[in-house]
Amino acid sequence: MSARVNYDCIVIGAGHNGLVCAAYLARSGRSVLVLEAAAEVGGAAVTREFAPGFRVSAGAHLLQGMPRALIEELALDTHGFKFAAEDLPSAALAPGGAPLTLSVAGIRAVAAADAEGFEALSARLQRFARALAPMLSSAPPRLGTRARSEQLSLLRLGWHIRRLGRRDMRELLRIAGMCVYDLLQENLTSPLLQGALGFDAVLGTNLGPRSPGSVFTLLYRLSTSANAGRFSPAQPQGGLGALSGALARAARAAGASIRTDAPVRRIRIDSDRAAGVILESGEMLSAKLVVSSADPKTTFLGLLGSEHLDAGFVRRVSHLRTTGLAAKLHLALDREPQFNGLERSALGGRLLLAPSLDYLERAFNHSKYGEYSAQPSMEITIPSINDAQLAPAGAHVLSAIVQYVPYALTGGWEHGRQRLLDLVVDRIEACAPGLRRSITAAELLTPPDIERQFRIHGGHWHHTELALDQFFMVRPVPGAAQYASPVEGLYLCGAGCHPGGGVMGTAGRNAARAILARAA
Amino acid sequence: MHTIPARALFSEPLLRTPFHERARALSQLDSFIPWNGYTTVDVFSTVEQEYFAIRNASTLYDLTPMAKYRIAGADALRFLNRLVTRDVSKLKPNRVAYAVWCNDSGHLIDDGTVFRFGESDFRLCAQERQLDWLLDSAIGFDVEIADVTELSAALAIQGPTSCAVLKSLGLAGVERLKPFDIGHFALEGAPITISRTGFTGDLGYEVWMHPQDAESIWDRLMLAGRSRGVRPLGSRALNMARIEAGFILPNVEFVSAERTLRTGRDRSPLELGLDWLVDFNKGHFTGRRSLLAQRAAGVPRRLVGLDIVGNKPAHNALVYAARSGRRQIGAVTSATWSPTCKRNIALALLDAPHVEPGLEVWVEIYLNSELVWERRMCAARIVERPFYAPERRRATPPADF
């Protein structure tokens, strides 16, 4: 068996992390080939036409966690990347009531009693986030080694936390393991405000606001924002797919080759080293290193195979919690939707449907038993407000993340999908009368659809659940938490690695640095 | 798999093997010990009588409590080769291989024997229950694993007259079984499988049967063995023979890596002198990368045989580099006076620089004579294992009696 082409690195998957990793590797002079199974690059950051003339970010629909430094280092603006809107506002929708804009002014108008509490809590959480953020942008330290660099890295994290001062450090340690329900009860009174803030803690997770660890996920989200230098989300011009396009051009400009429609079947092992890949077509490609942006289960159990790994490692990988609990809704609307009491300026931002923490917790309850709630929670955006090219003139697209949609629905998705779609539209209709009549096309992606379309085992947008036991030094699992894997020459660079998913690119950048540091 | 009613488990925590009634009838001391969840005999009459029966006649030992797993399916061979450290693909059908398996860090989980019955039909016999580890190891393999511990009863017949006893039962061809061969026979309609394996380092066989046939086969072996000195054997005398043979025992020479609590207390096959069982060239197996790293870094300690001055067994003794006893270099794991070798022998784990054969070390033995304790510092020499390996263990056909 002789392989045809030789590369320094083969990157599996042209999602944003794969592209970022490839770009950094190529910039350092490595010959890099990126292999993408789909017809276009982007992974879950793609813009897709789901109805004639209506285009939408089919997976992720906002950009918040991608560090400004990364965007600058890769000079994405020179590759055609620009924002349609930045600093998007967030508003909390209240079925049958007035919405609340999540800003000090907005809160003063609707829930005046919480204005000070909100300001203080936001400021404190943002201080915590800034202290924690530095740990996101490098490989986590390894325990059990005596290497100075590893110990220094832990010390640095401790120092950042210590530097918060005595009061803040004590408060951070007190709340870190709490549930967000208790934290918000302590600090705020307005159910609408509590619900909206609690929603950010559980968005994209398998947690309800009363689940332990939901303050951790909130701090995580804020830390990624602090790391990105952006506490409000932004919307790329042309949708998230345009960002992927720019990343691909940046990678190509740095010298990387990208092949689409090239699904990988196996990672090739030669003398216990990753030696390249075999494509579904049977084509063999060889490389000194293989870097997988696929999720850990797909990479280790699918592309590599347990026989090349130790049993304990395989057990840890197979026990990873990887099922997604969020669905994606796309609506084509023939006119601009009207939300009760919402100013037009808020329509281009995030509209959160989580009117109270109890509402959110009840919505979560059903998912534990393979059901969805009749009252789901949502993050709604109308991207065509900021980016007219996404829909025909006068028409609009609505893109929403529907929270707490189980991967394995009791009774199966075949019959459940249309019912859920109706129900979700009804819930939005309650805040936006007339919406249903304006729908010309609708699409609902359940977690199994997300799994299939984006090739993510379990359909979780973080690849593996973000929780304390799957984070930092143990993400995705001990033995693969520093981007290297147990197999020499095989690396991970996807959302399953530290620091997780969302469209950040940090995992891809950290991985590239770890690979280059090893090779140096 | 049958389940045991909770009430019975509560009032009677130990299971009984199919030979239990026979063993109880022959037990003169009522000396039973728990083994793998079963009650088994420690000593039937006297340790010495039972020991000498192993070396001079024959013994029957109930090894039903050994954990037994059937491993079958298209990937059975690939699964086993990833599980154990030796190359199972070299094992031919109807052959047995001694094997050990490790965790990811290359530390021993257990040892046992792999029986190959067909292309994809294996049985793994282990000292301890292994189902969870086997199922974890099966992730990604097309393999069926079934715990058959209670579906099969087993007797070891060991000693110089063992082959003659089996032959006298009319098991034609049993004498042609070479060491580690498996043969299939029938005894008055009862199917039995005989492997030329054992834990005594002597001529011997293990007889595998259905539990319902257990008592009648026991009776027939005892009857046929009457003129050939056959005795039932308890675990204590067997232990003396296994030390003479240099075999290791879990929880004695090592603690299963899945159960050690303290760091550094687990042991690798390289430390236990099982290098010959580790095949680094067969492809990947669990622990391989860690074992390669350990080999490169140097193995920190080794299991050695000791020949100790005097005749007092060095149970639990500490081992020193010099008589002064100032620097401890290891400890004895198993010790016995060997009646056959007429030597005071022991297995010991010693730190790496002190493992050269011929080297003199010092063993600190505590003696209790009528409740008066005294300490003896005895010289000992590192010697090759096994301490006792009679030619008859390999002779095919074995001598007739």
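**View 1. Ile182(B) stands opposite Ser195(B) of strand S11(B) in a sheet of chain B.** The model shown here is a predicted one, in which local features need pLDDT of at least 70 and side-chain atom pairs count only at pLDDT 80 or more, while totals for chains, interfaces and linings use all residues. Residues are numbered from 1 along each chain as its sequence is written, and chains are lettered from A and ligands numbered from 1 in the order in which they are written. Strand S10(B) and strand S11 (residues 190–195) of chain B pair in the antiparallel sense over six bridges; two strands pair if DSSP finds at least two bridges between them, and helices (H or I, at least four residues) and strands (E, at least two) are DSSP runs numbered from the N terminus.

**View 2. The open sheet of chain B has six strands in the order S10-S11-S12-S9-S3-S13, with mixed pairing.** Strand S10 (182–187) and strand S13 (230–232) of chain B stand at the edges with a single partner strand each, so one side of each has no neighbour in the sheet. Neighbouring strands of this sheet are turned by 25° against each other on average, direction ignored. Helix H3 (residues 47–56) of chain B packs on the sheet, where it touches strand S3 (58–62), strand S9 (153–158) and S13 of chain B, and the direction of H3 makes about 110° with that of S3(B). Here axes are lines fitted to C-alpha atoms, for helices over the stretch in contact, and angles run from 0 to 180 degrees between N-to-C directions; two residues are in contact if their C-beta atoms, placed from the backbone, lie within 7 Å.

**View 3. Helix H1 (residues 16–27) and helix H10 (residues 240–253) of chain A have axes that come within 8 Å and cross at roughly 20°.** H1(A) is therefore roughly parallel to H10(A), a term used for angles under 35 degrees. Among the residues that meet are His16(A), Leu19(A) and Val20(A) in H1(A), and Leu243(A), Ser244(A) and Leu247(A) in H10(A). By class, this contact of H1(A) with H10(A) has 10 nonpolar, two polar and no charged residues, where Ala, Val, Leu, Ile, Met, Phe, Trp, Tyr, Cys and Pro count as nonpolar, Asp, Glu, Lys and Arg as charged, and the others, Gly among them, as polar.

**View 4. Where the two chains meet, 13 residues of chain B are in contact with 14 residues of chain A.** On the side of chain B that touches chain A, helix H4 (76–83) and helix H5 (131–137) of chain B each supply at least two residues. The residues on that side of chain B divide into two nonpolar, six polar and five charged.

**View 5. Glu379(A) lies in strand S15 (residues 377–381) of chain A.** Glu379(A) counts as buried because it has 23 C-beta neighbours inside 10 Å; a residue is buried if 20 or more other C-beta atoms lie within 10 Å of its own, exposed if 12 or fewer, and partly exposed in between, with C-beta atoms placed from the backbone. Leaving aside its neighbours within four places in sequence, Glu379(A) is in contact with Leu203(A), Arg350(A), Leu352(A), Ala400(A) and Ile401(A).

**View 6. Tyr483(A) has a positive phi of about 75° although it is not a glycine.** This residue, Tyr483(A), is placed in the loop between helix H16 (447–454) and S18 of chain A, and it is buried, with 25 other C-beta atoms within 10 Å.

Notes. Angles under 35 degrees count as roughly parallel, over 145 as roughly antiparallel, 65 to 115 as roughly perpendicular and the rest as oblique.
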